[in-house]
Amino acid sequence: MASFDGRVLGRVTVSKFQAALLAVCLAIASVVTYGVVTQAKTAAIFMNVGNIAWKAAGPPFPPGSSVKVAVIYGNPSLPGEYTLRLWQPAGTKIPPHIHSEAERGTVLSGTLYIAVGSKFDMNKGTAIGPGGYFMIPPKTPHYAWTKVDTIVQVNAIGPRTMTLLTGKTGGGY
């Protein structure tokens, strides 16, 4: 018997199907609510190019490398969305490597030459110019190079890892 304020309302019978449907509805509601609450905690971000903080890219790039990185949003070394920019001077060669996550990039300036494969071969790359886009699936060996100064924006879900096929690991920036 169900009651409210001490009054008997009658017998409530719930089928297994109704119970399962209720559980699914509650689960969906909690996910939607979590998403709304999470989004509400994130402040809007407005950034002009003069406010971008560039720093030397860490491992697996060698010490003294001219490649620079700027984290625009999030933290690549933690779980969650992030956006970063890589500034690669003319003549940069990024050796074959893999990432644990999918890598989505947009060339903002310059030209990025990129290819899939585990052996560096400058005859096999695709030239991607300003506004061009690329997506590399997780754990797909690839490499890149530049002939002119190039800035690429990468959007992905962390934690970011970059493992050179020679065995060096890094990329949390």
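Q: Which residue in E4 is the bridge partner of Ala56?
A: Please keep in mind that this is a predicted model. In general, the strands of a sheet pair through backbone hydrogen bonds, in either a parallel or an antiparallel manner. Here, Ala56 has Lys68 as its bridge partner in E4. E3 and strand E4 (residues 68-73) are joined by two bridges and run in the antiparallel sense.

Q: What is the order of the strands in the open sheet?
A: The sheet has six strands, in the order E3-E4-E5-E12-E7-E10, and the pairing is antiparallel. At its edges are strand E3 (55-56) and strand E10 (133-136), each of which pairs on one side only.

Q: Where does Glu103 lie, and is Glu103 buried or exposed?
A: Glu103 belongs to strand E7, which covers residues 103-109. Its relative accessibility is 6%, and because buried means under 20%, Glu103 counts as buried.

Q: With which residues is Glu103 in contact, leaving aside its neighbours within four places in sequence?
A: Those residues are Phe134, Met135, Ile136, His142, Val154 and Arg160.

Q: How many salt bridges does the structure hold?
A: The general idea is that side chains of opposite charge can pair when their charged atoms come close. This structure holds two salt bridges. In one of them, Arg160 pairs with Glu101, and the closest N and O atoms are 3.6 Å apart. This pair links distant parts of the chain, 59 residues apart: Arg160 is in the loop between strand E12 (150-158) and strand E13 (162-164), while Glu101 is in the loop between strand E6 (93-99) and E7. Arg160 and Glu101 are both buried.

Q: How far apart are the closest N and O atoms in the salt bridge of Arg160 with Glu103?
A: They are 3.4 Å apart. Glu103 is in strand E7 and Arg160 in the loop between E12 and E13, so this pair ties together parts that are 57 residues apart in sequence. Arg160 and Glu103 are buried.

Q: Which residues do the salt bridges that share partners join into one network?
A: The network consists of Glu101, Glu103 and Arg160. Arg160 forms a salt bridge with Glu101 and also forms one with Glu103.

Terms used
Residues are numbered from 1 along each chain as its sequence is written. This is a predicted model: local features need pLDDT of at least 70, side-chain atom pairs count only at pLDDT 80 or more; totals for chains, interfaces and linings use all residues. Side-chain values use heavy atoms; hydrogens and water are left out. Helices (H or I, at least four residues) and strands (E, at least two) are DSSP runs, numbered from the N terminus. Buried means under 20% relative accessible area, exposed over 50%, partly exposed in between (1.4 Å probe, protein chains only). Contact means heavy atoms within 4.5 Å. Two strands pair if DSSP finds at least two bridges between them. A salt bridge is a side-chain nitrogen of Lys or Arg within 4 Å of a carboxyl oxygen of Asp or Glu.
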